[in-house]
Amino acid sequence: MELRFREKENNPDKHYWAEPIGFEIFVCFILVFLWLNQTGPSTRISEDQGTQTFVFATAYGALAHFSRQWPGGSVNPAYAVAQDVWNFVDTGEEDAIKFILLYIVCPFVGMGIATLLHYFV
């Protein structure tokens with residue numbers, strides 16, 4: 001099984017946790033904030049739905065590309081959780097489900113921050 005995190009050499013946990021946690025929260029924040037701004041009538045970049053879709057798809061692709069090194073690059077919590085569970089079923093190793101909370105909690109934290117920032121600022 002390939003772990004999605006860089007490993008530390010002299011650490012019993014063997015993984016950098018701050019990078020994937022921060023990046024997962026950041027990616028979800030950017031995606032939700034961009035989506036909220038693109039769907040709002042006063043904040044969208046263009047009235048054309050094709051342009052709106054292009055802007056969002058480009059941002060999604062860029063974030064997925066840059067996040068593949070840390071949290072896995074799927075930018076989809078359901079896929080990431082399913083992949084971890086399936087790796088556990090295939091291998092039976094606990095390392096497979098060690099990071100499952102990262103994919104359950106962090107996207108909701110990023111979403112909450114984006115929603116609060118969008119509605120209250």
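The structure is a predicted model, in which local features need pLDDT of at least 70 and side-chain atom pairs count only at pLDDT 80 or more, whereas totals for chains, interfaces and linings use all residues. Residues are numbered from 1 along each chain as its sequence is written, and side-chain values use heavy atoms, with hydrogens and water left out.

**The chain as a whole**

The secondary structure comes to four helices and zero strands, where helices (H or I, at least four residues) and strands (E, at least two) are DSSP runs numbered from the N terminus. Read along the sequence, the pattern is therefore written α-α-α-α. Of the 121 residues of the chain, 31% count as buried, a word that here means under 20% relative accessible area, while exposed means over 50% and partly exposed lies in between (1.4 Å probe, protein chains only). Among contacts (heavy atoms within 4.5 Å) between residues at least 6 apart in sequence, 60% join residues at least 24 apart.

The expected span of a helix is 1.5 Å times one less than its number of residues. Helix α4 (residues 100–120) has 21 residues and reaches 31 Å from its first C-alpha to its last, close to the expected 30 Å.

Among the buried residues of α1 are Pro20, Glu24, Val27, Cys28 and Leu36, and what covers the buried residues of α1 includes α2 and α4. In α4, the buried residues include Ile100, Tyr103, Cys106, Gly110 and His118, and their cover includes α1 (18–39) and α3 (77–91).

**How α1 meets α2**

Helix α1 and helix α2 (residues 49–67) pack at an angle of about 180°, with their axes 10 Å apart; axes are lines fitted to C-alpha atoms, for helices over the stretch in contact, and angles run from 0 to 180 degrees between N-to-C directions. That angle makes α1 roughly antiparallel to α2, since angles over 145 degrees count as roughly antiparallel, under 35 as roughly parallel, 65 to 115 as roughly perpendicular and the rest as oblique. The residues of this contact divide into 13 nonpolar, three polar and no charged, where Ala, Val, Leu, Ile, Met, Phe, Trp, Tyr, Cys and Pro count as nonpolar, Asp, Glu, Lys and Arg as charged, and the others, Gly among them, as polar. On the α1 side the contact includes Ile30, Leu34 and Trp35, and on the α2 side it includes Val55, Phe56 and Leu63.

Gln49 also lies in helix α2, and at 61% relative accessibility Gln49 counts as exposed. The C-alpha atoms of Gln49 and Thr39, ten residues apart along the chain, are separated by 9.6 Å.

**Aromatic pairs**

A search of the whole structure finds two aromatic pairs. Rings of Phe, Tyr and Trp (its six-membered ring) pair if their centres lie within 6.5 Å, and planes under 30 degrees apart count as stacked, over 60 as edge-to-face and the rest as tilted.

| Pair | Centre to centre | Angle of planes | Type |
|---|---|---|---|
| Phe23 and Phe26 | 6.1 Å | 50° | tilted |
| Phe29 and Phe33 | 5.6 Å | 15° | stacked |

Phe23 and Phe26 both lie in helix α1, three residues apart, which is about one turn of the helix. Phe23 is buried at 18% relative accessibility, whereas Phe26, with a relative accessible area of 41%, is partly exposed. Phe29 and Phe33 are four residues apart in helix α1, and are likewise separated by about one helical turn. Phe29, at 19% relative accessibility, counts as buried, while Phe33, at 25%, counts as partly exposed.
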